[in-house]
Amino acid sequence: MVLAKGMDPLGDVSDLSSDSDEEKDEEDLEAQAPPAKKLHVDFETLSRNGYKSGPSVLLVPDKPQDGEQGSFSWGKGSREEEEESAEDRERTRAAIAATEQAATNALKAAEFARQQKDTAYQ
């Protein structure tokens, strides 16, 4: 049997389940539930009940103390550093050389593996 374009073979079948009745019952129960009371929770209450954590937003003061204003200026994005010592420069050079050697070895190993693969398939 060939259906015309846009026809749904199950379009006329009605849903025999009672999902719509269950949804109505759940909606009625939600509508009848009394609103929950909000509890005041502070850091001391949490601490007494075993809460252990680092600094909390509960400890942030609400307003600046004694009219103090915060500093909202932009930083320069840099800090003054000590000059790099000769030992630091030598360690940096050694690390760069070791990295270059490791990269060279990895490339050689990859090339060798490719050659082995090519010879195995010939």
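Arg93 forms a salt bridge with Glu90, and their closest N and O atoms are 3.6 Å apart. A salt bridge here is a side-chain nitrogen of Lys or Arg within 4 Å of a carboxyl oxygen of Asp or Glu. The two residues, Arg93 and Glu90, are 3 residues apart in helix α3, so about one helical turn separates them. Arg93 counts as exposed at 51% relative accessibility, while Glu90 counts as partly exposed at 47%. In these terms, buried means under 20% relative accessible area, exposed means over 50%, and partly exposed lies in between (1.4 Å probe, protein chains only).

The model is a predicted one, in which local features need pLDDT of at least 70 and side-chain atom pairs count only at pLDDT 80 or more, whereas totals for chains, interfaces and linings use all residues. Residues are numbered from 1 along each chain as its sequence is written, and side-chain values use heavy atoms, with hydrogens and water left out.

How confident is the prediction? The protein chain averages a pLDDT of 76, and 53% of the residues score at least 70. This score, pLDDT, is the predictor's confidence in each residue, from 0 to 100. Among the elements of the chain, α3 has the highest mean pLDDT (95), and helix α1 (residues 19-32) has the lowest (62). Where pLDDT is low, the predicted coordinates should not be read in detail.

The overall architecture is quickly told. The secondary structure of the protein chain comes to 3 helices and 0 strands, and along the sequence the pattern reads α-α-α. Helices (H or I, at least four residues) and strands (E, at least two) are DSSP runs, numbered from the N terminus. Of the 122 residues in the protein chain, buried residues make up 1%. The accessible surface of the chain comes to about 12800 Å², with 54% of it belonging to carbon and sulfur atoms. Accessible areas come from the Shrake-Rupley method with a 1.4 Å probe; for residues, only the protein chains shown count as cover.

How many salt bridges does the whole structure hold? A search finds 4 of them. Asp88 is partly exposed at 29% relative accessibility, whereas Arg91 is exposed, with a relative accessible area of 53%.

Together with Glu111, Arg114 and Asp118 are linked in a network of salt bridges.

The loop residues complete the picture. Glu84 is placed in the loop between α2 (43-48) and α3 (86-121). Its relative accessible area is 44%, so Glu84 is partly exposed. Leaving aside neighbours within four places in sequence, Glu84 is in contact with Arg89 and Thr92, where contact means heavy atoms within 4.5 Å. Tyr51 is also found in the loop between α2 and α3. With a relative accessible area of 37%, Tyr51 is partly exposed. Which residues does Tyr51 contact, leaving aside its neighbours within four places in sequence? Tyr51 is in contact with Phe43 and Leu46.
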